[in-house]
Amino acid sequence: MAVPAPDPLAVRAASFQELHRLGVPCPPDTFPLVWEPEDQVELRPTGELEARAAILHVVLERCFGMPAEAAVGWLDGNKLLPDVTQPEWDWITEEIGDRQSFALHLDALAGLAWTLGVIKVLDPLLPPVRLMEAFPDLLGGETFEQWRARTLAAPRDPTVVAAALDLHYCLDWSFQQLEAAGQPVPGELNANAIGQRRWALEWAVVFTGEYHDPPGGWEEVDLST
């Protein structure tokens, strides 16, 4: 259910404070806000979040050697094929695409796992710990429904996820600026990892208001700004 979005200026001030703590540059004052003061916010339905996370998990397992037949069989057996995007399908079935680009989805999966409450922390300096173990044991035959029952996802408050999105929106800019200038970024993550987390949060959070379009598909998330 949609709730009033938090004050975007207060959230942006908190994001900038975190950037200062991390020692990274802040975007200019003209940097766009993610939402407006009168907007509403909610998360996509839990089942939709879980399905997207499970599909990313399969994509990653294909990067790490899972046979195509096993991957397709698991998705089909768990009725997830309709939610697989065309680029994902091409990769899963025929390894069409860039392996490294798909492997980067590890951090998108971390963003979804945090949103679902599957992991406790989304640290901007560190990669997720033992993330893959939190998702279905594909080769062991664990089904999607068995995983859901084992995990018992507890999605976070949408206002909290919105604030995390704003932070990663700013961090995405900061890390790209540092890397473009040949300067080191703090911690163990790079701009690609931050961008993947932002991708997941952008997709998971749904805003309603004058300037927002209806929620789009996974491949339609716009990370250009």
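## Contacts along the chain

Take the contacts in the chain between residues at least 6 apart in sequence: 74% of them join residues at least 24 apart. Here, contact means heavy atoms within 4.5 Å. For Gly209 and Val185, 24 residues apart along the chain, the C-alpha separation is 35 Å.

A word on what you're looking at: this is a predicted model, where local features need pLDDT of at least 70, side-chain atom pairs count only at pLDDT 80 or more, and totals for chains, interfaces and linings use all residues. Residues are numbered from 1 along each chain as its sequence is written, and side-chain values use heavy atoms, with hydrogens and water left out.

## Overall build

The chain has nine helices and three strands, in the order β-α-β-α-α-α-α-α-α-α-α-β along the sequence. (Helices, H or I with at least four residues, and strands, E with at least two, are DSSP runs numbered from the N terminus.) The chain's radius of gyration is 18 Å, close to the 17 Å that the globule rule gives for 225 residues, so the chain is as compact as a globular protein of that length. That radius is taken over C-alpha atoms, and the rule is 2.2 Å times the number of residues to the power 0.38.

Along the principal axes, the C-alpha atoms fill a box of roughly 50 × 45 × 30 Å. The accessible surface comes to about 11000 Å², and 53% of it belongs to carbon and sulfur atoms; the areas come from the Shrake-Rupley method with a 1.4 Å probe, and for residues only the protein chains shown count as cover. Of the 225 residues, 46% count as buried. Buried means under 20% relative accessible area, exposed over 50%, and partly exposed in between (1.4 Å probe, protein chains only).

## Helix 3 against helix 4

Helix 3 (residues 68-77) and helix 4 (residues 86-94) pack at an angle of about 135 degrees, with their axes 7 Å apart. Axes are lines fitted to C-alpha atoms, for helices over the stretch in contact, and angles run from 0 to 180 degrees between N-to-C directions. The two helices are therefore oblique to each other, since under 35 degrees counts as roughly parallel, over 145 as roughly antiparallel, 65 to 115 as roughly perpendicular and the rest as oblique.

Helix 3 brings Ala68, Ala71, Val72 and Leu75 to the contact, and helix 4 brings Trp89, Ile92 and Thr93. Those residues divide into six nonpolar, one polar and no charged. (Ala, Val, Leu, Ile, Met, Phe, Trp, Tyr, Cys and Pro count as nonpolar, Asp, Glu, Lys and Arg as charged, and the others, Gly among them, as polar.)

## Two buried residues

Arg52 belongs to helix 2 (residues 46-63) and counts as buried, at 4% relative accessibility. Leaving aside neighbours within four places in sequence, Arg52 has contacts that include Asp83, Glu88, Trp203 and Trp218.

Phe207 lies in strand 3 and is buried too, with a relative accessible area of 9%. Beyond four places in sequence, its contacts include Val34, Trp35, Ala162 and Leu165.

## Positive phi in two loops

Leu152 has a phi near 50 degrees, a positive value in a residue other than glycine. You'll find Leu152 in the loop between helix 7 (144-151) and helix 8 (158-180), exposed at 64% relative accessible area.

Glu95 also has a positive phi, near 55 degrees. Glu95 is in the loop between helix 4 and helix 5 (99-103) and is partly exposed, at 34% relative accessibility.
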